[in-house]
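This briefing is meant for a reader who is meeting the structure for the first time. Please look over the sequence and the model below before going on to the notes that follow.

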Amino acid sequence: PTTRTYNWTISVIDAFPDGVLRQVLVINEKYPGPMVRVNRGDRVLVNVTNNMPNATTIHWHGLFQNGTNWMDGVPGITQCPIPPGQSFLYNFTVENQFGTFWYHSHASTQRMDGLFGPFIIHAPEEAEYQTRYGYTQDQVMVLQDYYHDLSAAYLPEYLAPGNENTEPVPDNGLIQGTNYCQMRRDITIPANRGSFNCSSYEANSGYTCYDNSSRALFPVEQNTKTRFRIINTGGFATFQFAIDNHTMTVIEGDSTMVEPLELQILKIASAQRYSFVLNANQTAQNYWMRAEMDTNCFFVQNPVLNPTVLGILAYGNNTALPGVESVGWNNPMDPLCEDLNSTLLVPSVVQQAPPADNLFVIQVSFQIGDDSLDLAYINGTSYKVSQIPTLNWILPHLRAGNTTFNQTGAGAPYGLQSQYILDIPDNQVVDILIQNFDDGSHPFHLHGYEFWVMASSQEQYFPWEIYDSLNTTNPMRRDTVMVDAYGWTLIRIQADNPGLWAFHCHISWHVAAGLLMQLQTRDDLMKDWTIPSDVLELCPA
Ligand code: C2O
């Protein structure tokens with residue numbers, strides 16, 4: 001094991017990832033943030049200096065943080081945020097995990113403004129998979145939806161009552177943080193870009209546009225195989241991804257290696273990751289990679305939006321463009337806002353899901369709530385960031401042997417009454433049934449765990465007669481799964497990782513509306529914890 005040290009300075013800069021000038025949040029002036037690549041067992045030290053005007057945190061999406069819950073990077077839950085002008089050292093070990101992960105700010109909607117990047121963990125077993133699948137290259141692809149303003153600018157209108165939870169429709173999408181200027185169906189960009197006229201976009205949009213953007217290019221050698229790790233880092237959109245003339249063989253979902261699944265179209269929801277093997281067995285030329293936003297997930301259908309984001313698969317040193325892009329998306333659009341069905345994914349390392357000791361039902365809805373805002377509720381509670389992290393609030397109560405303390409009690413700091421926390425008995429195997437009474441689909445992510453996806457449906461009510469006959473033989477294990485509109489998803493965990501773990505929809509707009517709850521697991525271990533002093537020092541005295 002090695003210690004890997006990173007020094008990150010976060011700042012706000014003017015940039016034009018797609019040619020349109022706006023402010024973005026960057027790490028070491030990079031959009032998106034730098035890649036972290038480590039080996040299993042490594043200690044990771046990331047020294048974050050916050051040079052932005054707003055407080056921030058960094059969350060390591062998918063990492064278990066076993067024994068280091070205070071490094072999970074969630075403001076109001078596991079730490080106080082890093083104030084402007086201050087630094088904080090994230091310090092943790094990556095144990096028992098390898099695969100494709102990522103990191104992102106967990107403060108407000110900052111992730112949508114650029115604070116994210118890939119986090120890859122290698123392990124010796126990878127060599128076996130590489131031999132088995134015969135790939136000789138490994139490339140990481142970061143895919144996202146994109147807006148032409150800072151996310152905070154959209155929040156007041158989004159949360160306004162009467163707007164029916166109408167999420168802002170993305171202006172564009174990016175691959176590797178780059179794309180051409182705009183995504184309007186009524187403006188054609190020539191493939192060679194030469195005569196594209198930014199000023200027509202400026203006149204239509206009011207944004208300043210520079211003729212300097214590009215498209216991501218992924219070089220491959222003919223007759224070799226490449227592993228692509230694709231990460232949807234976007235704040236909202238689910239993508240359908242395809243590559244002209246090629247199929248994709250999926251071998252990993254959310255850091256779980258799976259048996260090969262050959263697909264023409266890969267659906268990927270916000271925060272999900274997949275690896276696929278691509279065989280470059282076609283004529284040596286270039287091909288479009290097409291990532292189309294699933295507009296069925298949008299409340300507002302924008303008739304001029306062209307939701308297809310393009311990248312280039314380039315054979316050899318061929319830098320010629322694949323031809324006129326107006327060939328368009330040739331694949332059918334899934335009429336439902338859903339993710340890749342988890343029952344198609346079979347983990348390569350077989351695990352039996354143990355029988356459940358307990359079942360919790362959570363119900364999701366949107367309603368007009370506090371301050372007349374249109375807010376999201378989980379079992380009647382709409383999440384707000386607490387001033388004191390719930391971890392800090394709960395530990396003294398656990399030490400006092402008090403397990404039934406009242407979060408809304410007198411003197412409870414701001415926001416503590418807006419926490420819905422499931423305190424799960426130590427080490428129990430529990431089922432969580434998420435019932436969605438909302439007309440939108442929600443990619444739910446659980447921190448600190450991977451869960452078994454036991455079943456899911458687009459039917460409104462869970463058919464209890466199936467409960468005793470669920471498939472427990474090696475169900476898919478992952479950390480982010482879609483709960484479809486007016487549907488339900490049933491997940492199972494073994495509650496063995498001590499801490500307070502956020503469980504939330506990964507759409508940034510929905511977290512801002514309060515679609516977040518927490519699991520509290522292993523009180524028996526937590527009660528002996530002392531939070532490190534440098535973590536505590538972030539909190540105002
Ligand atoms: Cu990827 Cu709570 O986050």
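Two strands are said to pair if DSSP finds at least two bridges between them, where strands (E, at least two residues) and helices (H or I, at least four residues) are DSSP runs numbered from the N terminus. With that in mind, six strands form an open sheet of mixed pairing, in the order β21-β20-β23-β28-β25-β26. The edges of this sheet are β21 (374-378) and β26 (477-478), each of which has a single partner strand, so one side of each is left without a neighbour in the sheet.

The model is predicted, and local features need pLDDT of at least 70, side-chain atom pairs count only at pLDDT 80 or more, and totals for chains, interfaces and linings use all residues. Residues are numbered from 1 along each chain as its sequence is written.

**The chain as a whole**

- Seven helices and 30 strands make up the secondary structure elements of the chain.
- The radius of gyration, taken over C-alpha atoms and compared with a globule rule of 2.2 Å times the number of residues to the power 0.38, is 23 Å, close to the 24 Å that the rule gives for 541 residues, so the chain is as compact as a globular protein of that length.
- The C-alpha trace spans about 70 × 50 × 50 Å along its principal axes.
- A residue is called buried if 20 or more other C-beta atoms lie within 10 Å of its own, exposed if 12 or fewer, and partly exposed in between, with C-beta atoms placed from the backbone; by this count, 47% of the 541 residues are buried.
- Two residues are in contact if their C-beta atoms, placed from the backbone, lie within 7 Å, and among contacts with a separation of 6 or more, 80% join residues 24 or more positions apart.

**Domains and annotation**

- The chain is divided into domain 1 (3-123), domain 2 (136-344) and domain 3 (358-536), with bounds that come from an automatic or database domain assignment.
- The contact between domain 1 and domain 2 takes 27 residues from domain 1 and 35 residues from domain 2.
- On the side of domain 1 that touches domain 2, β2 (22-27), β7 and β8 (116-122) each supply at least two residues, and β7 gives the most, with five residues.
- An unreviewed UniProt entry carries the annotation "domain: Plastocyanin-like" for residues 16-125, 139-318 and 401-523; such positions are given in the numbering used here, feature names are shortened, and annotations may be inferred rather than shown by experiment.
- For residues 16-125, the span is 0% helix and 39% strand, and its end C-alpha atoms lie 40 Å apart.

**The nonpolar core**

- A nonpolar core is a set of buried Ala, Val, Leu, Ile, Met, Phe, Trp, Tyr and Cys residues joined through C-beta atoms within 7 Å, and the largest one here has 131 residues, of which Phe276 and Ile491 touch the most other members.
- Strand β9 (residues 135-146) gives the most to this core, with six residues.
- Not counting residues up to four places away in sequence, Ile491 touches Ile432, Phe451, Trp452, Val453, Met454 and Val481.

**Paired strands and a helix**

- β5 pairs with strand β7 (residues 99-105) in the antiparallel sense over four bridges, and His104 in β7 is the bridge partner of His59.
- Helix α4 (residues 390-399) has Thr390, Leu391, Asn392 and Ile394 as its buried residues, which pack against β22 (421-424), β29 (499-505) and β30 (516-521).

**Backbone details**

- The peptide bond from Tyr31 to Pro32 is cis, with omega near -15°, and Pro32 has its place in the loop between β2 and β3 (36-39).
- Gln65, in the loop between β5 and β6 (87-93), has a positive phi of about 50° although it is not a glycine, and Gln65 is buried, with 23 other C-beta atoms within 10 Å.
- Ser108, in the loop between β7 and β8, likewise is not a glycine but has a positive phi of about 45°.
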